[in-house]
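The following note sets out numbered points for a colleague's review. Please read each point with the sequence and the model at hand.

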Amino acid sequence: MKPAPFSFVAPESLDEVVRTLAEHGDDAQILAGGQSLVPLMNLRLARPEVVVSINRCHELDYIRLVDDRLVIGALVRQIDAETSPLVQAECPLLAKALPHVGLPATRNRGTVCGSLAHCDPLAELPAAALALEAEMVLTSAAGERRVPAHDFFVAEMTTCIEPGEVVSAVTFARQDPSERSAVREVSNGGHVFPVGGVALRWASSDGICTMARIAAFGVGSVAQRLRDAERALVGSDVGPAAIAAAVAAARSEVDPTGDIHADADYRRHLVGVLLERGLLEEERP
Amino acid sequence: MTDEVEVTVTVNGRTRQSRVEPRRLLVDYLRHDLGLTGAHIGCEQGVCGACTVLLDGRTARSCLHFAVTVDGSDIRTVEDLADFDELHPIQEMFHQKHALQCGFCTPGFLLTAVELLERTADPDEAAIREALMNNVCRCTGYANIVDAVAEAAVELRRRSSA
């Protein structure tokens with residue numbers, strides 16, 4: 001099918017974007033890379049009246065360090081974040097998550113912020129954002145507010161973005177060089193969308209785990225921090241008993257649903273398997 | 001509300017200027033407005049890869065872009081690969097290795113292979129399969145396509161060292 005008719009605006013600055021959004025309110029839809037939005041429009045599952053493209057807002061195309069945060073602007077393509085030495089050095093967890101997103105041809109155009117705003121339950125980046133304690137920068141004509149990832153992702157395809165607001169950037173916690181991190185997922189036959197997965201990072205001092213951030217995707221209606229599993233690890237030696245405890249905690253704190261790709265029990269089992277593989281840094285997917 | 005918008009793009013080295021409806025997909029713009037029917041429409045949701053083009057040097061699904069959003073871009077389609085009567089080495093190897101039957105998916109595979117071989121001169125079989133994983137072919141079973149890309153890599157290396 002072809003998209004329904006819409007009117008098109010392509011502002012050249014963030015100021016102009018938020019003015020356009022203020023003018024059109026609920027009728028307006030931001031278009032960045034379009035790799036999630038355009039398929040929905042082709043299927044007419046999305047029918048925005050006004051499409052506001054940010055592709056000419058070159059001021060939003062930046063990756064930079066600001067104090068203890070890595071900041072990625074709304075026009076940064078996934079492929080550019082994936083290959084950025086700054087991202088690889090400061091947020092290796094994000095650099096490990098990005099190759100799992102979509103496929104090369106969609107990463108060439110899709111943006112980091114766009115994937116976060118889309119909030120697909122099977123998407124890797126919301127989980128990476130939770131594990132990296134990300135903050136979304138939401139800009140509107142009224143100004144700017146910053147929302148932590150755990151408040152931003154509300155439910156399947158639902159975030160706390162209000163009409164008139166645009167995700168202008170996302171900030172991530174810089175990882176300590178001694179931290180370890182992993183992203184593990186399973187998909188059916190290399191299909192673009194995974195069945196489920198985990199994104200995690202942890203730190204140890206003198207063999208004792210001092211910090212753990214674990215998030216899962218595909219095992220609920222929205223990406224989820226696994227705080228019980230984190231608690232099972234912190235203070236432990238991340239040995240077999242601690243990993244088993246974290247795996248058990250992870251399985252009990254997720255509430256997956258079944259579909260044609262995998263049933264709920266499989267997904268519950270999977271989250272534990274992937275967490276264990278991540279913690280052991282096994283090279284299996 | 002849905003007034004036509006002016007778009008200027010460079011397609012296969014030639015500057016093209018048109019007025020299009022905002023909802024005009026890039027693939028429809030190429031096929032219907034420019035008459036370049038090499039990019040094929042399969043799934044219209046980015047899954048099959050038949051509409052793949054090179055957008056500013058990188059593969060892109062032309063069904064997942066509006067012509068208006070790629071204003072100012074440089075686009076390369078399969079029509080640009082052959083040099084008059086001489087096939088591009090990747091096309092030549094697809095021919096020799098019998099890497100196509102119906103040919104519907106072929107333009108997308110060719111351009112995906114172009115991107116791969118521009119980045120990696122000597123990909124192993126796993127790298128070739130990974131690069132081609134998101135293009136769908138219902139005829140060949142892929143083995144001959146993988147062979148063709150591997151042979152094309154050899155030929156391109158031979159030419160660049162010649």
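1. Aromatic pairs. Over all chains, a search of the whole structure finds 3 aromatic pairs. Such a pair consists of rings of Phe, Tyr or Trp (its six-membered ring) whose centres lie within 6.5 Å; planes under 30 degrees apart are called stacked, over 60 edge-to-face, and the rest tilted. A:F152 and A:F153 form an edge-to-face pair, at 5.2 Å centre to centre and with 80° between the planes. A:F152 is buried at 0% relative accessibility, and A:F153 is buried with a relative accessible area of 6%. Here buried means under 20% relative accessible area, exposed over 50%, and partly exposed in between (1.4 Å probe, protein chains only).

2. A tilted pair in chain B. B:F109 and B:Y142 form a tilted aromatic pair, with 6.3 Å centre to centre and 50° between the planes. This pair links distant parts of the chain, 33 residues apart: B:F109 belongs to helix α3 of chain B, and B:Y142 to the loop between α4 (125-132) and α5 (143-161) of chain B. Helices (H or I, at least four residues) and strands (E, at least two) are DSSP runs, numbered from the N terminus. B:F109 is buried, with a relative accessible area of 1%, whereas B:Y142 is partly exposed at 24%.

3. Basis of the values. The model is predicted: local features need pLDDT of at least 70 and side-chain atom pairs count only at pLDDT 80 or more, while totals for chains, interfaces and linings use all residues; side-chain values use heavy atoms, with hydrogens and water left out. Residues are numbered from 1 along each chain as its sequence is written, and chains are lettered from A and ligands numbered from 1 in the order in which they are written.

4. Salt bridges: a contact between chains. The structure holds 26 salt bridges over all chains, each being a side-chain nitrogen of Lys or Arg within 4 Å of a carboxyl oxygen of Asp or Glu. One of them joins the side chains of B:E44 and A:K2 (2.3 Å, N to O). The pair crosses between chains, from B:E44 in the loop between α1 (26-33) and β3 (52-55) of chain B to A:K2 in the segment before β1 (7-9) of chain A. B:E44 is buried at 10% relative accessibility, and A:K2 is partly exposed at 31% relative accessible area.

5. Salt bridges within a chain. In chain A, the side chains of A:E165 and A:R145 meet in a salt bridge (2.6 Å, N to O). A:E165 lies in the loop between β9 (158-159) and β10 (166-173) of chain A and A:R145 in strand β7 (residues 143-148) of chain A, so the bridge ties together parts 20 residues apart in sequence. A:E165 is buried at 11% relative accessibility; A:R145 is partly exposed, with a relative accessible area of 33%. In chain B, the side chains of B:E115 and B:R119 form a salt bridge (3.2 Å, N to O). Those two residues are 4 residues apart in helix α3 (residues 106-119) of chain B, a separation of about one helical turn. B:E115 is buried, with a relative accessible area of 7%. Salt bridges that share partners also join A:E133, A:E179, A:R201 and A:R213 into one network.

6. Cysteines. A:C91 is buried at 0% relative accessibility, and A:C209 is buried at 2% relative accessible area.

7. The strands around β12(A). Of the 10 residues of strand β12 (residues 196-205) of chain A, 8 are buried, so the strand is largely enclosed by the rest of the structure. β12(A) pairs in the antiparallel sense with strand β11 (residues 180-186) of chain A over 7 bridges, pairing being counted if DSSP finds at least two bridges between two strands. β12(A) also pairs in the antiparallel sense with strand β13 (residues 208-217) of chain A, over 9 bridges. A:V198 in β12(A) stands opposite A:R184 and opposite A:A216 in β13(A). β12(A) and β13(A) form a hairpin with 2 residues between them, and A:D206 in the turn has a positive phi of about 50°.
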